[in-house]
Amino acid sequence: MARETAGTAVHPPPEVGSAPGWPVVLYFHHVDPDIRHYTCVSPAAFDAALAGLGERFRPLDPRAVPAVVEAGGSAEPTCLLTFDDGYADVLEHALPIMERRGWRAVHFVSTDLVGTVEDHPVRGRLRHLTWDELAELTRRGHVVASHGCSHTPFDRLPPAEVRREAARAGAVLAARLPGAPDWLAYPYGIPPGPGVELPELCFGSVKAPALAWDAAPREIRRTYLPADGRERWETCMDEWRRPWSPGASL
Ligand SMILES: [Zn+2]
């Protein structure tokens, strides 16, 4: 999987879930029959994923995340779904499946891209959800949070600029979607360097280590179901659930 290990960093594989006792957090970008991407699955595959996850985990209502943090974790196996970038296919394809199976998600959006159409070099024309559509998601029990403003990786910006990006995205979200929590998912899963004040909960990617959220609230590990590796899904889900199994060595 060279694509996931570009550069020199070696990171844990998707089979690694969360620190024992903390919810497994998954990220997707698209649920679409035609888009090829390592976190894009077809609607049928997404439905199968939620079926498998539902057998092993209680869906974590994203609005209950603060209570999980407050409690220092989750006594039962829980899984939180997240989507990055706010693409329109999520509303079209993922939402009905999630609602039918009793799941809600966190949608991390880059505020400058809301309502725009992106000409992606690989994935083609991609429509981003509008503010009205994000408000609709919120009404239906989902949570919308920050993915920065411009989707620039934070390690390419000076600290002052990262601070401005995070603050501006938070302010725009608070104005557009009152009640939106102060959470952020790093563009490309890349945290900034030291010296930047960040929201209270920050979500990384599969590059992040599996640490307890209270020990590392600004680099919460998220993992994914490899779109091109369906044969790994059962193992992934079993591994993610293992820390809650009776007799599991923590
Ligand atoms: Zn992104």
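**Zinc site and helix contacts**

Trainee: Is histidine 151 buried or exposed?
Mentor: The relative accessibility of histidine 151 is 16%. Buried means under 20% relative accessible area, exposed over 50%, and partly exposed in between (1.4 Å probe, protein chains only). Histidine 151 therefore counts as buried.

Trainee: What kind of model is this?
Mentor: Residues are numbered from 1 along each chain as its sequence is written, and side-chain values use heavy atoms, with hydrogens and water left out. Local features need pLDDT of at least 70, side-chain atom pairs count only at pLDDT 80 or more, and totals for chains, interfaces and linings use all residues; the model is predicted.

Trainee: Which residues coordinate the zinc ion?
Mentor: Donors are N, O and S atoms within 2.8 Å of the metal (3.2 Å for Na, K and Ca), and sites may look incomplete because water is not among the atoms. The donors of the zinc ion follow the spacing D-x61-H-x3-H along the chain. At 2.1 to 2.2 Å, the coordinating residues are Asp85 (OD), His147 (NE2) and His151 (NE2).

Trainee: How many residues apart in sequence are the parts that aspartate 85 and histidine 147 tie together?
Mentor: Helices (H or I, at least four residues) and strands (E, at least two) are DSSP runs, numbered from the N terminus. Aspartate 85 is in the loop between β5 (78-84) and α3, while histidine 147 is in the loop between β9 (143-146) and α5 (159-176). The pair therefore ties together parts whose separation in sequence is 62 residues.

Trainee: What is the relative accessibility of histidine 147?
Mentor: Aspartate 85 is buried, at 8% relative accessible area. Histidine 147 also counts as buried, and its relative accessibility is 1%.

Trainee: What is the phi of histidine 151?
Mentor: Aspartate 85 has a positive phi near 85 degrees and is a residue other than glycine. Histidine 151, in the loop between β9 and α5, is not a glycine either, yet its phi is positive. For histidine 151, phi is about 65 degrees.

Trainee: How are α1 and α3 oriented relative to each other?
Mentor: Axes are lines fitted to C-alpha atoms, for helices over the stretch in contact, and angles run from 0 to 180 degrees between N-to-C directions. The axes of α1 (residues 43-56) and α3 (residues 88-101) come within 10 Å and cross at roughly 25 degrees. Angles under 35 degrees count as roughly parallel, over 145 as roughly antiparallel, 65 to 115 as roughly perpendicular and the rest as oblique. Helix α1 is therefore, relative to α3, roughly parallel.

Trainee: At what angle do the axes of α1 and α6 cross?
Mentor: The axes of α1 and helix α6 (residues 233-241) come within 10 Å. Their crossing angle is roughly 30 degrees.

Trainee: How far apart in space are arginine 156 and proline 192, C-alpha to C-alpha?
Mentor: Arginine 156 is in the loop between β9 and α5 and is exposed, with a relative accessible area of 67%. Arginine 156 and proline 192 are 36 residues apart in sequence. In space, their C-alpha to C-alpha separation is 8.4 Å.
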